[in-house]
Amino acid sequence: MIIVLKPQIAPEEITKFTDHLKADYEVKVNRWDGIHSTVLGLIGDTTKVDIEYIDAQEIVESVKRVQEPYKKANRKFHPENTVIRINDSVSIGDGSLHIMAGPCSVESEEQITGIAKSVQASGATLLRGGAFKPRTSPYAFQGLKAEGLDLLKTARKETGLPIVTEIMRVSHIDMFENVDIIQVGARNMQNFELLKELGKIDKPILLKRGLSATIEEWLMSAEYIMAGGNEKVMLCERGIRTYETYTRNTLDISAIPIVKSLSHLPVIVDPSHASGKSRLVEPLAMAAVAAGADGLIIEVHNDPPHAWSDGAQSLTPKQFDKVAKRVFALKNSL
Ligand code: PEP
Ligand code: MN
């Protein structure tokens, strides 16, 4: 961390401030006295240093971190890609492309098993489906809850596809024991109590990016899970809020190569929630694969006009088949 002090600060004030930093944060402080100002370099573990507090000090002109505040998620300390093995045929982050596909919400046994079979035939290797739904309106369908989880397990039994589904509260963790990947939705990306508890279990987590989260905030949320001991984290870019209203969100394509360089964790892209429109799913999925995504999560529904949630962005199984063929062909050509 580099701290630039304001010009003409009395030497004893600088010494007092430096002693304070050393004592409070257990860091070494290097000091360079220039003609106009003094620069301090903090050496050691600066993760606990409160950068806003330092910046607010009367004698400080500016402060800058030179090292990222996340350690476990940081590629600097873990240069190889993390590979998350789900079963014998699904390892995410190993250079192959995996598609998680399925409805926004689980609606019935017939619906989820039917969709599972068709997306599997098109090349999806994981089944998605929401049982607990975070909806903007309290009057909207909230999910089939425990019954939805059971139906996902039935679909898994019929197809062998591992299941991905969203958790919303800490008290539900036991219910998710038999789920293959637990999704933390965009709205819960900074539910730190939930993240801490998920850090204590041995299960892959799909951490969606918050609606207005910076890349660093998103990586810090991954750090929460990893700091507890669970290092099986996948990051999911699902679009962020911008001033654009044509799409539901704006897919941040640049986040893919950025996160892949900052972190060793696999990156999954959700073109469905990013766009909110089924016709945009294919071009966004192609762009995500070209930009280096390790996987895609795509909403597919047997009858989108009558879907209980997110029908406008859901592909029919036939449309999904075309998208899957195109993205796998693109992946093979890279
Ligand atoms: C979902 O996957 O259905 C969902 C609610 O996603 P997000 O958290 O990205 O909005
Ligand atoms: Mn959805």
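1. Glu26 counts as exposed, at 72% relative accessibility, and in this predicted model the residue lies in the loop between α1 (11–25) and β2 (28–33). Most residues other than glycine have a negative phi.

2. A second residue with such a backbone angle is Asp310, which is not a glycine either and has a positive phi of about 55°. Asp310 is placed in the loop between β14 (295–299) and α10 (317–333). Is Asp310 buried or exposed? Asp310 counts as buried, because its relative accessibility is 18% and the limit for that class is under 20%.

3. Turning to the overall fold, eight strands close into a barrel, with parallel pairing, in the order β7-β8-β9-β10-β11-β12-β13-β14. On average, and with direction ignored, neighbouring strands of this sheet are turned by 30° against each other. Strand β12 (residues 233–237) runs parallel to strand β13 (residues 267–269), and three bridges join the two; within this pairing, Cys236 has Ile268 of β13 as its bridge partner. Helix α7 (residues 255–262) packs on the sheet, where it touches β12 and β13, and the direction of the helix makes about 165° with that of β13.

4. The largest nonpolar core has 65 residues, and those with the most contacts inside it are Leu207, Leu296, Ile298, Phe320 and Val327. Helix α6 (residues 215–227) gives the most to this core, contributing six residues. Apart from this core lies another, of 17 residues, which includes Phe17, Val29, Ile54 and Ile59. For the surroundings of Leu296, if neighbours within four places in sequence are left aside, the residues in contact with Leu296 are His98, Ile99, Met100, Ile268, Val269, Ala285, Ala288, Val289 and Val327.

5. Phe132 and Phe176 form a tilted pair, with 5.9 Å from centre to centre and 35° between the planes. This pair links distant parts of the chain, 44 residues apart, with Phe132 in the loop between β8 (126–128) and α4 (146–159) and Phe176 in the loop between β9 (163–167) and β10; both residues are buried. Phe192 and Tyr224 form a stacked pair, 4.5 Å from centre to centre and with 25° between the planes, and they too link distant parts of the chain, Phe192 in helix α5 and Tyr224 in helix α6, 32 residues apart. Phe192 is partly exposed, with a relative accessible area of 30%, and Tyr224 is also partly exposed, with a relative accessible area of 31%.

6. A charge and a ring come together at Lys277 and Tyr246: the charged end of Lys277 sits over the ring of Tyr246, 3.9 Å from its centre.

7. Finally, Arg187 is placed in the loop between β10 (181–184) and α5 (192–198), and with a relative accessible area of 44% this arginine is partly exposed. Which residues are in contact with Arg187, leaving aside its neighbours within four places in sequence? They are Pro134, Leu211, Arg238 and Arg248. Of these, Pro134 is 53 residues apart from Arg187 in sequence, while the C-alpha to C-alpha distance between the two is 7.7 Å.

Methods. Residues are numbered from 1 along each chain as its sequence is written. Chains are lettered from A and ligands numbered from 1 in the order in which they are written. This is a predicted model: local features need pLDDT of at least 70, side-chain atom pairs count only at pLDDT 80 or more; totals for chains, interfaces and linings use all residues. Side-chain values use heavy atoms; hydrogens and water are left out. Helices (H or I, at least four residues) and strands (E, at least two) are DSSP runs, numbered from the N terminus. Buried means under 20% relative accessible area, exposed over 50%, partly exposed in between (1.4 Å probe, protein chains only). Contact means heavy atoms within 4.5 Å. A nonpolar core is a set of buried Ala, Val, Leu, Ile, Met, Phe, Trp, Tyr and Cys residues joined through side-chain atoms within 4.5 Å. Rings of Phe, Tyr and Trp (its six-membered ring) pair if their centres lie within 6.5 Å; planes under 30 degrees apart count as stacked, over 60 as edge-to-face and the rest as tilted. A charge sits over a ring if NZ of Lys or CZ of Arg is within 6 Å of the ring centre and within 35 degrees of the ring normal. Two strands pair if DSSP finds at least two bridges between them. Axes are lines fitted to C-alpha atoms, for helices over the stretch in contact, and angles run from 0 to 180 degrees between N-to-C directions.
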